[in-house]
Amino acid sequence: MVNLFHYATSELSQDAFICWLLAHGMKEHQSEDPLLCACALDFIHRVPGLEHATEIKKIRQQYLNIDVLVTVDNIHVIIEDKTYTSVHGNQIDVYTNALIQSGVTKEDIRTVFYKIVEQFHEEDVDCTFMRTDILSILRKYKDCTNDIFQAYLTHLEEIEADTMAFKTRPIEEWKYSGTRGFFANLQKVHADYKINGWGYVSNASGGFMGMWFHRLDDETTLKAMAIYEHIEDIYLQFENNTAFSGSREDAEKAAAYILAVKVRANADDQKGNYREASEIRRALYKAFKKKLPDFKKKTFRPGVYMTVGYLTYNEKNYDTRVTEVKRALDEITVEWSQR
């Protein structure tokens, strides 16, 4: 069945849905559809201080550049709406200050972040609606027969299913959504990975979904290894080519899903085209290769961020691969510190 939200994918389209839904909580529209009214008020009740609100007074779009501004009694609710992008430039603070300058007191402002896909960091807001939160509300009113409501609910259910693909499907079928779900889940369950971030990385080859973690940047350790002058840090990085299409064998050959060891060169090394840092990277590759026979390398090119080498991985052996690489790095750290 054709779904409106397969085509209405922009944040402006989602703004429109949010406004449309919440409008059913306004006094003049509450009797039009009791389930939509209940759903609208359910959303508003999640905002601190509005747990007992009985109606929505006003809804504005793009007022002072705010995605959606909802007024309930004397409370002004800023809704920052995102689909696949993230907040940038302290947007929420900017909008809050704009409201204050317009005459609204800070005590009468609430901030809400609304996003339908996962992201690495949390936003500093009064209330967050991520996809799981949104679905928990919408599912309560699944008997609503309104076509727009059902289309949006179905749209989010499809995103949820695609995101959870990492739990039931092979890695070759994860694509962008499943990989995002995989990284978000690792962030929840693997504190031992010491994850520094994850997200889409754009490059000349078409980009990939990456997760960077287990960073070795301790000055004392790097000095003991005699690489501190040229290397800022060493870290691990998952790289998934979410556009790859092929068999597992093809994926192995194409290195579509890899666990890479990375180094970040000291910016001062740029004067010499990162020659010293690149030599350290080559030495590290040889050291890893001795410990991990299937450790492979890409073409060595000098730069700030350089790949030492990598192991391929899949949905079944990723944790074993991480353990192997972490152990090898720990051993190399000790060995180089004793030279």
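## The second largest pocket

Helix α7 (residues 175-189) gives the largest share of the lining of the second largest pocket, five residues. Helices here are DSSP runs of H or I with at least four residues, strands are runs of E with at least two, and both are numbered from the N terminus. Besides α7, α5 (131-138) also gives two or more residues to this lining. In total 22 residues line the pocket, and E118, Q119, M130, A184 and K188 lie nearest its centre. By class, the lining has seven nonpolar, seven polar and eight charged residues. (Ala, Val, Leu, Ile, Met, Phe, Trp, Tyr, Cys and Pro count as nonpolar, Asp, Glu, Lys and Arg as charged, and the others, Gly among them, as polar.)

The volume comes to about 540 Å³. A pocket is an open set of points on a 1 Å grid over the protein atoms alone, where a 1.4 Å probe fits, with protein on both sides within 12 Å along at least five of seven lines; lining residues have an atom within 4 Å of a point. The volume is the space filled by probe spheres set on those points.

## About the model

This is a predicted model, where local features need pLDDT of at least 70 and side-chain atom pairs count only at pLDDT 80 or more, while totals for chains, interfaces and linings use all residues. Residues are numbered from 1 along each chain as its sequence is written, and side-chain values use heavy atoms, with hydrogens and water left out.

## The largest pocket

The largest pocket has a volume of about 670 Å³. It has 25 lining residues, and N203, S205, F208, E239 and K298 are the closest to its centre. Strands β8 (231-240), β9 (257-265) and β10 (305-312) each give two or more residues to the lining, with the largest share, four residues, coming from β10. Sorted by class, the lining holds 10 nonpolar, 10 polar and five charged residues.

## How α7 meets α6

Back to α7: it packs against α6 at an angle of about 70 degrees, with the axes 7 Å apart. Axes are lines fitted to C-alpha atoms, for helices over the stretch in contact, and angles run from 0 to 180 degrees between N-to-C directions. The two helices are therefore roughly perpendicular (65 to 115 degrees). Touching residues (heavy atoms within 4.5 Å) are I159, D162 and T163 of α6 and S177, G178, R180 and G181 of α7. They divide into one nonpolar, four polar and two charged.

Definitions and conventions
Parallel < 35°, antiparallel > 145°, perpendicular 65-115°, else oblique.
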